[in-house]
Amino acid sequence: MKNVRDILTKYWGYTSFKPMQEEIIASVLNGKDTVALLPTGGGKSLCFQAPALAMEGICIVISPLVALMGDQINTLKERGIKALKLTGGISFDELNTLLDNALYGNYKFLYLSPERLQQEIVQNYIKQMNVNLIAVDEAHCISQWGNDFRPAYKNITILREIHPLVHIIALTATATTEVLEDTISELKMELPAVFKNSFVRENLSYQVFKQDDKLYKTEQLLKNNQGSAIVYVRSRKNSVEISDQLNSLGISATFYHGGISAKEKAQKLQNWRSGGISTMVATNAFGMGIDHPNVRFVIHLQIPESLESYFQEAGRAGRDGDYAVAVLLYNEYDKINVKNQFVESLPTTPDLKKIYRTLNNYFQIPYGEGEFTKYNFSFSEFCKTYNLNTLLAYNALNSLDRLGIIQLSQEFGRKSIVQFLISSEKVLNYFEKDATTSIIGKTVLRIYGGIFEIPTSINLDLIATKTGQSIEAIVSILKKMERDHVVELVLQITDATLTFLVPREDEKTINVVSREVEALNRKKTAQVNSVLHYIENTKTCRSVQLVSYFGETTASKCGICSVCRTQSSNLTNKEIKILSSQILALLEERNLNSREISEKLTFAETDTLKVIRLLMDAEKIKINPRNQYYLN
Ligand code: ADP
Ligand code: MG
């Protein structure tokens with residue numbers, strides 16, 4: 001362990017471990033399979049990086065996101081540690097070279113996705129390597145009970161076959177007992193040492209408000225925010241709209257969702273990280289690996305589908321340890337909506353049978369055949385052909401994917417996105433030049449009103465139907481418009497590709513998995529109910545509710561959540577301290593009356609008044625004849 005301490009200072013310049021890190025590292029070095037369960041920001045990376053550096057050989061790191069790998073590789077490189085990653089989009093030659101380097105070049109870390117692991121060449125190389133540790137980051141992705149289930153994570157066990165003697169460290173911030181147990185058994189870990197740190201976040205105030213005017217409340221919360229903020233919404237469309245509205249209210253914001261290009265995502269993230277833009281309005285695509293210290297607010301404008309995801313998203317606030325607020329705003333309609341979206345539309349076994357049969361008919365798969373055949377798949381056309389309820393069909397296809405019956409490519413559910421870059425007069429002039437361009441262009445403008453202001457997702461099928469043009473013709477015109485700098489374009493030509501993974505056996509195929517289907521449905525329903533229960537329980541401390549959901553039953557009241565605040569008309573000492581320093585900071589800038597002060601803060605007005613009085617008593621502040629307070 002002395003060695004590890006040296007490594008800690010030599011490579012990282014840290015003087016001490018974060019909670020649990022030392023125990024976890026010791027367990028790895030003692031040759032135990034280890035599970036590290038630390039909240040986001042808890043310093044999980046170090047738990048496999050430090051011991052791997054202390055041992056001979058190379059550490060194989062499985063990570064779900066290319067972006068996460070990139071960040072980690074860069075920080076390792078900055079510290080003079082040799083690390084490389086196998087991302088998507090590299091040629092076979094490049095792959096060979098990289099793997100050669102990993103094998104012969106004294107590399108300490110090889111990062112790859114679980115999908116990569118499927119490739120034989122990758123497996124063959126790893127076989128020859130002197131592997132010292134297998135690290136599985138975001139390990140909960142292997143559990144189908146979790147929210148981030150990634151079927152490809154099941155491939156990880158191949159590493160166990162290749163290197164049966166090498167130990168595994170699994171790292172995650174997701175803590176439900178069920179997911180944990182599932183993760184351990186899926187990874188075939190033997191009597192692992194499990195380390196779990198408390199999930200209590202002392203500096204985070206969880207707040208829940210029933211609010212009809214959510215935008216107004218958001219504005220009030222964010223208008224004096226000095227740090228960064230995240231506003232979570234459910235849909236891509238909402239993210240664009242809310243971001244627009246906040247900007248028009250003078251709050252600098254941008255939006256982020258799964259449908260924008262990687263380049264744009266990186267740009268937006270960069271702007272937000274640097275503080276150039278304060279507020280990121282995002283869907284849950286903005287998530288894993290977001291490690292930004294001074295997020296002061298995480299605001300949910302819609303009800304999340306599970307406490308697991310809520311806890312993770314809210315937990316992105318206050319990672320620097322300073323006071324931060326996680327607010328969930330909801331109204332009665334949201335409650336119904338979340339049920340409709342996540343419970344009522346859960347596909348039952350008969351639904352799955354129907355969709356599966358329809359799908360096979362659609363592609364004319366003969367009975368007993370179809371295994372490993374791959375098709376281009378237009379979801380909207382499929383629904384239109386059979387007049388299917390889109391939400392249910394969408395969920396059913398996702399379930400079939402989860403159950404390993406079909407495989408949908410990652411683009412599933414994405415659409416093409418267009419935004420006009422020049423003024424409407426110029427666009428009309430441009431259309432004059434060519435009749436087909438004019439028909440297609442004008443149809444797009446007619447269907448999508450706001451397309452001049454915001455990137456808008458378009459439905460190629462719909463445009464094809466309206467114009468009588470083929471999809472290919474539309475695509476080629478859009479591409480030409482992109483080349484001419486008339487539009488910005490993110491193109492998704494087919495909605496997805498679909499691969500059948502098992503031979504068609506209709507009912508039988510589904511019967512095999514029906515128990516799993518029912519269990520998943522029960523699980524989803526329970527998750528939504530837990531969220532609703534959390535919202536409605538205004539008696540128990542928010543922090544206590546959340547951590548006890550994750551099995552932590554000994555936590556005490558936080559004193560700063562919306563429940564604790566209304567319960568104790570007596571402010572806690574901690575709250576008084578926070579509130580005092582906030583008031584003093586405000587008055588440092590300029591003199592304010594009590595109304596102005598309480599408007600700028602997130603505490604209840606009565607509490608603010610109380611602390612103003614305390615500060616007066618202590619002669620830290622005084623009041624002038626215009627009823628404004630100033631620093632003494
Ligand atoms: P996690 O994966 O658990 O979310 P990370 O591994 O990304 O957390 O670490 C979060 C932050 O904490 C990083 O900026 C990392 O450099 C920092 N960190 C990790 N260990 C220590 C330590 N012992 N002392 C100080 N900072 C640390
Ligand atoms: Mg991490």
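A residue counts as near a molecule if one of its heavy atoms lies within 4 Å of that molecule. Keep that cut-off in mind for the first selection, and note that this is a predicted model.

Start with ligand 1. Select the residues around it: 14 of them surround the ligand. The closest are Tyr14, Ser16, Gly41, Lys44 and Ser45. Colour this shell by residue class, and it divides into three nonpolar, seven polar and four charged residues.

Go to Ser45, where a polar side-chain atom lies 2.7 Å from a ligand oxygen. Finish with Lys18, whose side chain places an N or O atom 3.3 Å from an oxygen of the ligand. On its own, ligand 1 has 570 Å² of accessible area, and the protein covers 72% of that.

Zoom out and colour the chain by domain. Domain 1 spans 2-196, domain 4 spans 416-490 and domain 5 spans 569-631. Two others need a two-part selection: domain 2 is 204-330 + 537-558, and domain 3 is 339-413 + 496-526.

Last, select domain 2 and domain 3 together. Their centres, taken over C-alpha atoms, are 33 Å apart. At the contact between them, four residues of domain 2 meet five residues of domain 3.

Key. Residues are numbered from 1 along each chain as its sequence is written. Chains are lettered from A and ligands numbered from 1 in the order in which they are written. This is a predicted model: local features need pLDDT of at least 70, side-chain atom pairs count only at pLDDT 80 or more; totals for chains, interfaces and linings use all residues. Side-chain values use heavy atoms; hydrogens and water are left out. A polar contact is a pair of N or O atoms within 3.5 Å; within protein, one must be able to donate a hydrogen and the other to accept it, and residues adjacent in sequence count only if both atoms are side-chain atoms. Accessible areas come from the Shrake-Rupley method with a 1.4 Å probe; for residues, only the protein chains shown count as cover. Ala, Val, Leu, Ile, Met, Phe, Trp, Tyr, Cys and Pro count as nonpolar, Asp, Glu, Lys and Arg as charged, and the others, Gly among them, as polar. Domain bounds come from an automatic or database domain assignment. Contact means heavy atoms within 4.5 Å.
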